[in-house]
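Me: I'd like to go through this model with you, piece by piece. Can you take my questions as they come?

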Amino acid sequence: MTAALTVDNLRIAIGDTIVLRGASLEVQPGEVRGLVGESGAGKSMLGRAALGLLPSNASIVSGRIAFEGRDLLKMSEGERRSELGRRIALIPQDPMTSLNPVKRVGAQIGRLLRHHLDLSKRAALERAAELLTEVAIREPERVLSLYPHEISGGMRQRVLIAMAFACNPSLVIADEPTTALDVTVQRQVLQLVERLRQRHGSAVLFITHDLGVVAKICRSMTVLHAGRVLEEGETAEVLAHPRHAYTRALLAATPRADRPAETLRPVPPALIDQLWSDARRLDWLDVARPA
Amino acid sequence: MADIAVRAMAAPPSRLLAGVRRGGARLWVGAALTAILVLAALLAPILAPHNPLEQDLLSAQLPPMWMHGGDGAYILGTDSLGRCVLSRLIYSAQTAVIVALIAASLAALIGVSLGLFAGSFGGWVDQFISRLIDVWMAFPPVLLSIVLAAVIGAGLTSVIVAIVVVDWTRFARVVRAETMVQLTRDYAAAARAIGLNRSKVLRLEILPNLVPLLVTLLAVEMGIAILVEVILSFVGISVAGDTPTWGSMIAEGRQIVYQAPWIMALPIGCIIVSVIGLNLLGDGLRLALDPVQRS
């Protein structure tokens, strides 16, 4: 079976700074894979690279990104764009800023539907209302006529989730979709993503720094640090028997309801330093090695 | 899943009303002054008490009717050739409005296109357009338009061309910068993530966000266009000599400013009021158009 997403030995640099150091991962069809790491680990950069949305000063040094076996980096612009939003969708990080502030919610969902599905304006709006019902928004017709600032953050995230799943994607990249939301809304959003994923049979790459979120919805997970994959495997297996010292440290630093707060241990700075110096030594070796 | 259903917050009763309220006094005063200007231009033949070209040398340099020696037939007095000042002021509004509308719109069209282009492509396209703007702006604008008008020849068309050629940079500069800012926003990335191409992202997502800015700029530019037309007609390279303009009235009044100061003062007053009106209107519209409420 071809993987929904294959990232192979991906190296990305922003200017002279290397942000991904040969990261590899696979997301199988229908699978939810968590991509975990601290800020600066390169996890968002990996997601953006898969969507072709790298900032203009970032460049892919080497490696391969394939969607259903086809190399995304070698596809033509037009080919890639026809997959984006239809077969590969994004749930963005910040619901407050990811909708266009001057366009009504209905116009924005309608734009997506008409771009990919060749619907009439009226049909697109009707479909948009159905999509909002799927994400448990009451009075969808009224919400469609509102501007983004007139609805709450949780509702905006639902709208964005509805848009991500609107065209039956086979891969959804969720870039920390719960980070900007408070805990009660977080739970609802996670349930929603899980429910829509099951209905559409999509694979999800769930980027997050929250091991709790990973434990809840991801079947498998990848731990990223300093642009390198440190550990990967089935979520249950990794969380029960973490092999890498960093994963163990992350787990010890994650607050849990069933353990007193005093048992929390910050990730030891010495370990972080060690990992970064390892990563930089690898860079140095790479530079020193003749191409 | 009814337990996680959420209800939309109450929408404001009327967005139009809310917008008008946000615009406040500026919007009203600006709209009123601009409406007076436009109406004067449109209804000049009806409003003007006299033919603006009709000379009455026997009643030359009459003061406004409320001053000593004024004549009720000439409300704002007459100029040195005995032509009705009020009628000439009203007819002058026609030239001002035509120039303001056409020149500002064309300058906006060119400036916005180049600005979007430079702001979205970056790289050498941006470098080229930006340097072009820099070089352009190094010339004193009025001098440039005078030279241009002198080269192309006098007339309404050349006044408009001169303004467009000089003032597109105003739009290009601002639109370029704002496009760059908007493109870094999350919604622009989200628009690209749904597969829209560059031109669609610009037209459908970025441009609507520039509208409040453009409205302000356009109103300011119309004021500037009126001023430039005044300057050009003051030095005598605008429309034909028999068409009344505020600029030519100032030029004529200047020669007899000690005997009849109102002949020069009145067109100056008209210019000031028009420009202030357009600026207020632009400011008010910017506030009114912004859908994100300010508290």
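Me: What is the strand order in the open sheet of six strands in chain A?

Reply: This is a predicted model, where local features need pLDDT of at least 70, side-chain atom pairs count only at pLDDT 80 or more, and totals for chains, interfaces and linings use all residues. Residues are numbered from 1 along each chain as its sequence is written, with chains lettered from A and ligands numbered from 1 in the order in which they are written. Strands here are DSSP runs of E, at least two residues, and helices are runs of H or I, at least four, numbered from the N terminus; two strands pair if DSSP finds at least two bridges between them. The pairing in this sheet is mixed, and the order in chain A is β6-β7-β8-β3-β9-β10.

Me: And which strands sit at the edges of that sheet?

Reply: Look for strands that pair on one side only. In chain A those are β6 (88-91) and β10 (228-234).

Me: What angle does helix α1 of chain A make with β7(A)?

Reply: Helix α1 (residues 43-51) packs on the sheet, touching β3, β6, β7 (171-175), β8 and β9 (220-225) of chain A. Touching means a contact, with C-beta atoms, placed from the backbone, within 7 Å. Axes are lines fitted to C-alpha atoms, for helices over the stretch in contact, and angles run from 0 to 180 degrees between N-to-C directions. On that scale the angle is about 145°.

Me: Why do β2 and β5 of chain A each have one side without a neighbour in the sheet?

Reply: They belong to an open, antiparallel sheet of four strands, ordered β2-β1-β4-β5 in chain A. β2 (17-27) and β5 (70-71) stand at its edges, so each has just a single partner strand.

Me: Which element gives the most to the side of chain B that touches chain A?

Reply: On that side, 26 residues of chain B are in contact with 38 residues of chain A. The elements giving two or more residues are α7 (186-193) and α8 (198-234) of chain B. The top contributor, with six residues, is α7(B).

Me: Is B:Met180 buried, exposed or partly exposed?

Reply: B:Met180 is in helix α6 (residues 156-183) of chain B. A residue is buried if 20 or more other C-beta atoms, placed from the backbone, lie within 10 Å of its own, exposed if 12 or fewer, and partly exposed in between. B:Met180 has 15 such neighbours, so the label is partly exposed.

Terms used:
Two residues are in contact if their C-beta atoms, placed from the backbone, lie within 7 Å.
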